[in-house]
Amino acid sequence: MTVTLNDVQDAAARIEGVAHRTPVLRSRTLDALVGAEVHVKCENLQRIGAFKFRGAYNAASRLSPEQVARGIAAYSSGNHAQAVALAARELGTTAVILMPEDTPRSKVEATLGYGAEVVTYDRYTGDRVAIGEALAADRGLTLIPPYEHPHVIAGQGTAALELIEEVGDLDALVVPVGGGGLIAGSATAAKGLLPGISVIGVEPEQGDDTKRSLEAGRRVSVPVPRTIADGQAADIPGELTFSLNQKLVDDIVLVSDDEIRDAMRFAFERMKTVMEPSGATPLAALLAGRIEPLPRRVGVIVSGGNIDARRFAELIG
């Protein structure tokens, strides 16, 4: 399987009018601090508060009437859960979501609020793929995984497509990396439109599975990450996402939890926007000087903003 620019453009047409076309923010202070012209694509202002709705709806909207009638299943640490729950509601069907027991309560409540049923598991001892596949099979549901699906990846790539359509040529695109779906779709769109662009992924230091895998030339597993960036707590890249990212991603850089906190604080105080830890990692990489040399025009995708007020205050207070 592969994903092409045409797939991303087709996904953009399918989600138009359902997903938000999110704004692009600029900050003169940010530009001065990092020494570049930075364009920040705010998927924290997407429906469900994260980019995940793009891929979930693109995939769910292509199901047959029979599959829609039976319902949808998914496994997720939070944002994909909400995205599939909302996509199911938009299509008039039901969703059952497998979520880690330690998922932030705000994400669980939001998923329930969209009408889904939530089933929990221990992320440190359980295999969510095996559990999720068994759950879907037992109930006769269609499983939409968080990143190992060409329609999901193509949908995620529409964020980069919109960014480039709005701001024009970019020298680099900086994207958070968890399972690899967002960066795979983004790189597909970006390099399809701008062949000379550099695509740079950002992972938390404690969850560097994609960086290790790209360096090794094969998928490498790490212990389940313990990081504030819960949306990037993947232990191994997906097979499909890794095969795409091997061809399209130019570099992966790492940021610490403290650097993520600093970026969240900067975004709140200077850009007046709330980013969840995973969403703030690209901004953290820029502010911490992790990308050198930094090109002149840089695009950043903020993947999400799903964090409750108490947790946000604990992290940046």
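Before you click: residues are numbered from 1 along each chain as its sequence is written, and side-chain values use heavy atoms, without hydrogens or water. Since it's a prediction, local features need pLDDT of at least 70 and side-chain atom pairs count only at pLDDT 80 or more, while totals for chains, interfaces and linings use all residues.

Helices (H or I, at least four residues) and strands (E, at least two) are DSSP runs numbered from the N terminus, and two strands pair if DSSP finds at least two bridges between them. This sheet is open, with mixed pairing and the order 1-2-10-7-8-9. Its edges are strand 1 (24-25) and strand 9 (251-255), each pairing on one side only.

Now select 37-42 and 297-302: that's strand 2 running parallel to strand 10, with six bridges joining them. Zoom in on Val-40 and you'll find Val-300 of strand 10 opposite.

Next up, the other sheet: four strands, open, parallel, in the order 5-4-3-6. Strand 5 (117-121) and strand 6 (142-143) are the edge strands here. Pick 72-75 and 95-100 to see strands 3 and 4 pair in the parallel sense over four bridges. Ile-72 has Ala-95 in strand 4 as its bridge partner.

Last stop: select 277-287, helix 14. Is it mostly enclosed or open? Because 10 of its 11 residues are buried, helix 14 is largely enclosed by the rest of the structure; buried means under 20% relative accessible area (1.4 Å probe, protein chains only). Among the buried ones are Pro-277, Thr-281 and Leu-286. Then step on to Gly-289, which follows helix 14 and has a positive phi, near 70 degrees.

Methods: Buried means under 20% relative accessible area, exposed over 50%, partly exposed in between (1.4 Å probe, protein chains only).
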